[in-house]
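Thank you all for coming; I would like to walk you through one model this morning.

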Amino acid sequence: MRFLLWLFDASRRHYGGIRRYEKGGTGVRILTPILSLLFLGVTLGLEYWLFSSLHDSGAFGGGVGKIVVMFFIGLLFFAFAVATLEFCAVYAFTAFRMAAWGVALSASKRRQILARKKGGNTEPEAQADPAHEGKYKAFDIVNGVLQIVFILALIGGVAAVAVLLL
């Protein structure tokens, strides 16, 4: 039962990665689309390998051995496809959430600055962590859009490879 709860609870599985993205800087935000592209490439490569091996009668020695190997390649392809979709969806949601949080923080900061100017207070404020002050809003939006593009590319790529090789 715990396995099923873990399996269907994406936030629990990705908790560490989501927190790293939220607290991290530019490096984490650059690494996320790179990992997404890596997952996308591996998934499409596995699908290509599966379907091209299906057409090659001598692949993996033929017979029952070929069926067993093809089953495991298909299983690996399916697992990578689901993991890639989930990874991209989780980080797209996280990126858009961080962008919205950054916009809200910037608006709040502008209101505080205007209130201080009206009150005549010229006291400097303490510096906060860049991720907590909404410094990466534009990059988060780009990252969220990229993740959605990767999801669409995966779906289109899987369909394209299947049509071309079957």
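Predicted model: local features only at pLDDT ≥ 70, side-chain atom pairs only at ≥ 80, totals over all residues.

Let me begin with the pair H4 and H6, whose axes come within 10 Å and cross at roughly 5°. With an angle under 35 degrees, H4 and H6 are therefore roughly parallel to each other. Sorted by class, the residues in the contact between H4 and H6 are 16 nonpolar, eight polar and three charged.

Now bring in H5, which runs from residue 63 to residue 119. How do H4 and H5 lie relative to each other, roughly parallel or roughly antiparallel? The axes of H4, residues 26-55, and of H5 come within 9 Å and cross at roughly 155°, and H4 and H5 are therefore roughly antiparallel. The crossing in which H4 passes H5 is left-handed, and the contact of H4 with H5 is made up of 18 nonpolar, six polar and three charged residues.

The next pair is H5 and H6, which pack at an angle of about 160° with their axes 8 Å apart, and that angle makes H5 roughly antiparallel to H6. H5 passes H6 in a crossing that is left-handed, while the contact of H5 with H6 divides into 20 nonpolar, six polar and two charged residues.

H4 has 30 residues and, from its first C-alpha to its last, reaches 44 Å, which is close to the 44 Å expected at 1.5 Å a residue. Among the buried residues of H4 are Arg29, Thr32, Leu40, Thr43, Glu47 and Phe51, and what covers the buried residues of H4 includes H3, H5 and H6.

H6, for its part, has 29 residues and reaches 41 Å from its first C-alpha to its last, close to the 42 Å expected at 1.5 Å a residue. Its buried residues include Asp140, Asn143, Gln147, Phe150, Leu154 and Val161, and the buried residues of H6 pack against H3, H4 and H5.

Is Thr84 buried or exposed? Thr84 counts as buried, because its relative accessibility is 1%.

Two other residues deserve a brief look before I stop. Phe60 lies in the loop between H4 and H5, where its phi is near 60°, a positive value in a residue other than glycine, and at 32% relative accessibility Phe60 counts as partly exposed. Phe3, by contrast, lies in helix H1, residues 2-7, and counts as exposed because its relative accessibility is 54%. The C-alpha atoms of Phe3 and Leu114, which are 111 residues apart along the chain, are separated by 52 Å.

Key: Residues numbered from 1 in each chain as written. Heavy atoms only, no water. Helix = DSSP H or I, 4+ residues; strand = E, 2+ residues; numbered from the N terminus. Buried < 20%, exposed > 50% of the residue type's maximum accessible area, 1.4 Å probe, protein only. Axes fitted to C-alpha atoms, helices over the stretch in contact; angles between N-to-C directions. Parallel < 35°, antiparallel > 145°, perpendicular 65-115°, else oblique. Left-handed = near helix turned anticlockwise from the far one by under 90°. Nonpolar A, V, L, I, M, F, W, Y, C, P; charged D, E, K, R; others polar. Expected span 1.5 Å × (residues − 1). Contact = heavy atoms within 4.5 Å.
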